[in-house]
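Please read it beside the sequence and the model.

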Amino acid sequence: MNDGGTIALPWLVIRQDDNGNRYRVGRYATRAEAQKIADSLDHRGHKQLYWVERIGQHGDATRN
């Protein structure tokens, strides 16, 4: 049995603020979709850092 969301939406967009705090921005079905969102947020000119991770890629990604 699975939770459905983890399998269907395995790609995360993560944001890191100026203090090093990390937040999950959203979950997406494909890497391309997640990257498009991360790129659009990054191009807004804020100092935050955005990147894409697959769930389970890093231990902290599954806890956000």
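Contact here means heavy atoms within 4.5 Å. By that criterion, and not counting residues up to four places away in sequence, Tyr28 touches Leu9, Pro10, Trp11, Val13, Glu33, Ala34 and Ile37. The model is predicted: local features need pLDDT of at least 70, side-chain atom pairs count only at pLDDT 80 or more, and totals for chains, interfaces and linings use all residues. Residues are numbered from 1 along each chain as its sequence is written, and side-chain values use heavy atoms, with hydrogens and water left out.

**Fold and surface**

- The protein has two helices and three strands, taken as DSSP runs numbered from the N terminus (helices: H or I, at least four residues; strands: E, at least two).
- Their order from the N terminus is α-β-β-α-β.
- Of the contacts between residues at least 6 apart in sequence, 43% join residues at least 24 apart.
- Of the 64 residues, 25% are buried; buried means under 20% relative accessible area, exposed over 50%, and partly exposed in between (1.4 Å probe, protein chains only).
- The protein exposes about 4,500 Å², and carbon and sulfur atoms supply 47% of this area (Shrake-Rupley method with a 1.4 Å probe; for residues, only the protein chains shown count as cover).

**Nonpolar core**

- A nonpolar core is a set of buried Ala, Val, Leu, Ile, Met, Phe, Trp, Tyr and Cys residues joined through side-chain atoms within 4.5 Å.
- The largest one has eight residues: Trp11, Val13, Tyr28, Ala34, Ala38, Leu41, Tyr50 and Val52.
- At least two residues of this core come from each of strand S1 (11-16), helix H2 (31-42) and strand S3 (49-54).
- H2 gives the largest share, three residues.

**Helix H2**

- The twelve residues of H2 should span 16 Å at 1.5 Å a residue, and its end C-alpha atoms are 16 Å apart, which agrees; the expected span is 1.5 Å times one less than the number of residues.
- Ala34, Ala38 and Leu41 are buried in H2.
- Seen down the axis of H2, its buried residues fall within an arc of 65°, so they line one face of the helix; the arc is that of the directions from the helix axis to the C-beta atoms.
- An α-helix has 3.6 residues a turn, so residues three or four places apart point the same way.
- The buried residues of H2 pack against S1, strand S2 (22-28) and S3.
- Ala32 and Lys36 are exposed on the other side of H2.

**Gly56**

- Gly56 lies in the segment after S3.
- Gly56 counts as exposed because its relative accessibility is 52%.
- The C-alpha atoms of Gly56 and Trp11 are separated by 9.6 Å, with the two residues 45 apart along the chain.
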